[in-house]
Amino acid sequence: MRIVTLQKEATPVPESLESIVEVRGISKNYGDVEALRDVDLDFPRGKLTSLLGPSGCGKTTLLKIIAGLVKADCGTINVDGKLVSAPGPERAFVFQDFALMPWATVIRNVAFGLELRGVARSEREDKARHYIVEVGLAGFENKYPHELSGGMRQRVGLARALAVNADVLLLDEPFSAVDEQNRRKFQEDLIRLRTNQNKTFIFVTHSIEEAVYISDRIVLLSPRPGRISRIIEPEIDRSGDPELIHRDGHYLDTVEEIWQGLKQYVE
Amino acid sequence: MARLRAQSEAVGLSLVTRVGDFRGWGNHPVFLRLVSIGLFAGIWEIAGRIPVSFAFPTFSDTLMAFFRLMADGSMPVAYAATLQPLVLGVVLSTFLGVGLGMLCGLWRTGEWLAIPIFIVLQAAPVAAFIPMVTFVYGIGMTAKTLAVMILALPVIVLNTYKAVRNVNESLVVMGRSFMGTRWQVITKIILPDASPVIFAGLRLGVAAGFVGIVLAELLITPTGIGDLITFHRSRADYAEMYATIASIIALSTLTLVFLQWIEIRVFRPEDRGA
């Protein structure tokens, strides 16, 4: 494990890593509540970065600002060197509550991002089929969301985000509405999936174990106002069996370390 | 559904409920529905034979009267007259009502302008407006079409408006995040998501439209079905009168079933077997 920074004044990203998303001076208030205060953050290309923190630390707000779904009060977001303020083709979102259309089949849901972009039906369905297989849902193309389990529904949400071929995937607590067994299986699959996809993942979670298990880099946020308290790189070898990570001493130490750091914010 | 039932019973359309609960139309075996209709016909037959009243014909007499009216052409002619303002009024109410409701649901100013009027209209005993409509528009097609519309429109507008206001916000955000235009979000997400409640309003509205046309033909000028009912009542041809009343109830029921079918076919395919 490597602690990249303890204070936010320190440079958040080592020089060697090229960053794809740059967050500069982002602040956001909801009425009297200060959700985020002057956040500077860089997300390295091709890595999975988790935003981790207790509820109320503004992690979902930050993700939605990056997605262009929520306007920041001040500050800027750069993606691939371009200033963004609205949703764009280089970013795709995976929703906590899946946000699947109940009246549409799996294949139509997966192809929906392409449908909105005006891609011809046969072309978008070919692409959708490819990603349905990729997330392990082959054979479910013509099912409706209510016929699927929570874990499978979120796989549809992930396939939809993959299908638009965005460079950056934004995942908002994607596993929080998925039951424990399915969540573990899904986390393992996500690790495997990452090796085939050359994508940048930004992952919001409140689970320390989940963050350490899947992330290349973890950004710890402190609540009220939301700001960065630490950045940690777990440096866990995920090339082998994902099952073994849970018993890895390094994994367990990192989880414990983060817990000690976050404890103070928990009432 | 409970509201539909209450409303239809209030105007004597109790046959609507006999045919079965529309919600389960896909999964109840047809057999059970036929048993339900058979049972109703049987009770009617017995009640007619007692007889409950001198003016209460048996089911079989009514059925025979129905065939007589069809054979001598008086019923087809009556329906030809009734269906014009009815279909016109219902179609206009559907498009106008859904359009207005969508507008009010999506646009704040529209909401403040229009919704209070429809809330008042829905609460008002609008049948009382029919003499007023006659006063302004005379006794022709316009007055009858308007009679259908003032009964059908408020519930369609209000249901559509509520459906649009209560649309799943998360799906709308999803549409935005995948770069859907406002128009795409409305047509591909808001409309299908709101369609169950919109269709509930349409079913209520269409049923109210049938009430409107019968009222108009009884109150404004005796034409079509209203005339047939009045005529046979005056001649004490009770079987013919009942046959006419039952036929319009049956038509209303079939229309509502057809509406349900369209809804499941076009907008909510996932409910097809569920």
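The entries below start with ground rules and then go from whole chains down to one residue.

**Ground rules.** I am reading a predicted model, where local features need pLDDT of at least 70 and side-chain atom pairs count only at pLDDT 80 or more, while totals for chains, interfaces and linings use all residues. Residues are numbered from 1 along each chain as its sequence is written, and chains are lettered from A and ligands numbered from 1 in the order in which they are written.

**Chain B, overall.** I looked up the elements of chain B and found 12 helices and zero strands. Here helices (H or I, at least four residues) and strands (E, at least two) are DSSP runs, numbered from the N terminus. Read from the N terminus, chain B goes α-α-α-α-α-α-α-α-α-α-α-α. I then checked burial: of the 274 residues in chain B, 39% are buried. A residue is buried if 20 or more other C-beta atoms lie within 10 Å of its own, exposed if 12 or fewer, and partly exposed in between, with C-beta atoms placed from the backbone. Among contacts in chain B with a separation of 6 or more, 72% join residues 24 or more positions apart; a contact means that two C-beta atoms, placed from the backbone, lie within 7 Å.

**A helix pair in chain B.** Next I turned to helix 11 (residues 224-234) and helix 12 (residues 238-267) of chain B, whose axes are 8 Å apart at an angle of about 155°. Axes are lines fitted to C-alpha atoms, for helices over the stretch in contact, and angles run from 0 to 180 degrees between N-to-C directions. Helix 11 of chain B is therefore roughly antiparallel to helix 12 of chain B (under 35 degrees is roughly parallel, over 145 roughly antiparallel, 65 to 115 roughly perpendicular and the rest oblique). Which residues of helix 11 of chain B meet helix 12 of chain B? I noted Ile225(B), Leu228(B), Ile229(B), His232(B) and Arg233(B), which face Glu240(B), Met241(B), Thr244(B), Ile245(B) and Ile248(B) in helix 12 of chain B. This contact divides into six nonpolar, two polar and two charged residues. Ala, Val, Leu, Ile, Met, Phe, Trp, Tyr, Cys and Pro count as nonpolar, Asp, Glu, Lys and Arg as charged, and the others, Gly among them, as polar.

**Where the chains touch.** I found 18 residues from chain A and 17 residues from chain B in the contact. On the side of chain A, the largest share, three residues, comes from helix 3 (residues 112-116). That side of chain A holds 14 nonpolar, two polar and two charged residues.

**Domains of chain A.** The domain assignment, automatic or from a database, gives domain 1 (2-90 + 167-265) and domain 2 (98-165) in chain A. Their centres, taken over C-alpha atoms, are 25 Å apart. Domain 1 of chain A puts 13 residues into the contact and domain 2 of chain A puts in nine residues.

**Helix 1 of chain A.** Is this helix mostly covered or mostly open? I found that eight of the nine residues in helix 1 (residues 59-67) of chain A are buried, including Leu62(A), Leu63(A) and Ile65(A). Just after helix 1 of chain A, Gly68(A) has a positive phi of about 85°.

**One residue.** I finished with Ala128(A), which sits in helix 4 (residues 121-134) of chain A. Ala128(A) is buried because 28 other C-beta atoms lie within 10 Å. Leaving out residues up to four places away in sequence, Ala128(A) touches Ile107(A), Val110(A), Ala111(A) and Ala163(A).
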